[in-house]
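Please report on the charged and nonpolar features of this protein.

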Amino acid sequence: MGWRCVGLVLDLALKGRMFPGRVGAERSQSAGCSPWAGVPVINVGSGRRSRMNDPIPDVLAPAKLGPVTLRNRIVKAATYEGLSKKSLVTDELIEFHVRHAAGGVGMTTVAYCAVAPDGRTHRKQLLWTDEALPGMRELTDAVHAEGAAVAAQIGHARPVANPKGNGAPALAPGRRFHATSMSFTKAATRADLERVVQGHARAGRMAIEAGFDAVEIHLGHNYLASAFLSPKLNHRKDEYGGPLANRAWLSRDIARAVRDAVGDRIAITAKLNMDDGVPGGFWLDEAVQVARWLEADGSLDALELTAGSSLVNPMYLFKGDAPIHEFAAVMPQPIRLGVKLVGRRFLREYPYEDLYLLKDARQIHAAVTMPLILLGYVDGYGFLYFGGRSGDWIRVDSENISALLTQNVVRRHPKVVDAVAFGVPDPRSGDQVMAAIEIPEGVEFEDLGLPAFLAVEDDLGTKGAPRFVRVSHALPATGSGKLRKKEMQLEGWRTGDPVYRWAGRGAPEYALMTGAEKAALRAEFAAAGRQRFLP
Ligand SMILES: Cc1cc2nc3c(=O)[nH]c(=O)nc-3n(C[C@H](O)[C@H](O)[C@H](O)COP(=O)(O)O)c2cc1C
């Protein structure tokens, strides 16, 4: 029973990369009935004290985060999208966050706003400058207009920073060679560290001016503060190195400086590594202690938990397949070639499983009382669904349908060269299943006899049969031949390729969609007030 509620036993919110629109789409189904009623509270760890009697929060009910009231407990995690330009907000970045806000999140997080020019991992990244403020204000206003709150993630990348793009050496606890930037880092002086601390405080003040509801301090992924926490990266002999208490000073100083700067005007959270995923690095036992110190300092309203090292072991952060070719594609030569040749050693793979951070999070949960923000996957009794990797599950008529299953079934067809399946929005509520299939030149869709083929595939069920089938002799693919699923999902049935549709009644029977039918479907979205689902 436990797995369905574990994410909710822990405190404040669930975060994750979400399919925009998901929350709004599902909300109506849980209205008036808490899906968590009667769900057993499980024992959540063996730490200092048990929180097993804590009430289970209703994820969709309003919640307090420090001085801010969120309309629900769902927080869109920071995912640097590369949408800022010249360190300024763009319309695309605003649109990205507005889509999540319109989808119903309680709060969206603007990824990585660097506190100093040399703290950027890419020179396009947002910076706290007077010039950036109007764009930030436009972004926060637009998100607020959709009813959501908005946080800015603030931090200093330092060892992960891009020395070439920033025109400054990447500073770190000590001097060290980094293959990703092909350069040495420079050991930070005390004056450098003071500048970094004050940079965070200034960012906090500017965040208030820009209309943000919260700032999230980046203490993870071996960015600067996290690199200081790591015994593997921090070999300093001064008061910032050695025992954990010393290695934690920078993180604590930053959080205290932000609290001093903003008081209770906005919420302050921090994203803390539970472990770096690197032998000899920062590990859970130390993270538990750092979480306790941060709580005792009173500088945070909530702690967000994460893991991994952008510097040394990036896939530990995300889990799943390593995107070697995509990663190589954005690198300059000769690094690109190096990534292709030995990338798999650097991008070690870890199997993805839902709630993969939960086991460690329980240890932190048992050690502190402050609210935690957890990576979420929640599947509640068929009432509610907003977890897992976006696109892997599709919500059809109140049921969760596996995109992977549909995809595998369609791929079994002997004439199908390749296929992907994903959810596309339904004009009234939830999603519909869509498949994109590639067939050889000279073969027509009608030759496949798809309805008869699907009818005998017992494991599929009627809801798993695709409502829409995009047909092509060459589906969009990456250089390495991987189908561009996300792109096809966004296009949906509005692609230039032929799309066959099954009306959804009786056994599957497909007819080619005409322009007039597409226009009529569009009108259905408009009539239901769901036009925003058609980008
Ligand atoms: C493309 C991408 C960009 C990310 N950028 C950031 C970032 O700027 N700051 C950050 O703290 N985490 C970043 N993350 C990590 C996510 O916030 C999140 O912690 C991680 O992806 C785990 O969630 P998932 O299992 O849903 O991927 C990024 C993740 C992805 C996939």
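## Surface patches and salt bridges

F177 has a relative accessible area of 40%, so F177 is partly exposed (buried means under 20% relative accessible area, exposed over 50%, partly exposed in between, with a 1.4 Å probe and protein chains only). This is a predicted model, in which local features need pLDDT of at least 70, side-chain atom pairs count only at pLDDT 80 or more, and totals for chains, interfaces and linings use all residues. Residues are numbered from 1 along each chain as its sequence is written, and side-chain values use heavy atoms, with hydrogens and water left out.

F177 sits in strand β8 (residues 177-178). Helices (H or I, at least four residues) and strands (E, at least two) are DSSP runs, numbered from the N terminus. With M182 and F184, F177 makes a nonpolar surface patch of about 310 Å². Patches are made of residues with over 30% relative accessible area and no salt bridge; like charges are joined within 9 Å, and nonpolar side chains (Val, Leu, Ile, Met, Phe, Trp, Tyr) within 5 Å. Accessible areas come from the Shrake-Rupley method with a 1.4 Å probe.

A patch of negative charge also lies on the surface, formed by D91, E92, E95 and E138. Asp and Glu count as negative, and the place of a charge is CG of Asp or CD of Glu. Helix α3 (residues 91-103) gives the largest share of this patch, three residues. E95 belongs to helix α3 and is partly exposed at 42% relative accessibility.

Salt bridges come next. The count is 18, where a salt bridge is a side-chain nitrogen of Lys or Arg within 4 Å of a carboxyl oxygen of Asp or Glu. Three of them are listed here.

| Pair | Closest N to O |
|---|---|
| D118 and R195 | 3.2 Å |
| R470 and D497 | 2.9 Å |

R470 lies in strand β21 (residues 468-472) and D497 in the loop between α19 (485-491) and β22 (499-502), so this pair ties together parts 27 residues apart in sequence. R470 is buried, at 4% relative accessible area. Shared partners also join R252, D253, R256 and D297 into one salt-bridge network.

E304 and K271 are both buried.

H221 is found in the loop between β11 (214-219) and α7 (224-229). H221 is buried, with a relative accessible area of 6%.
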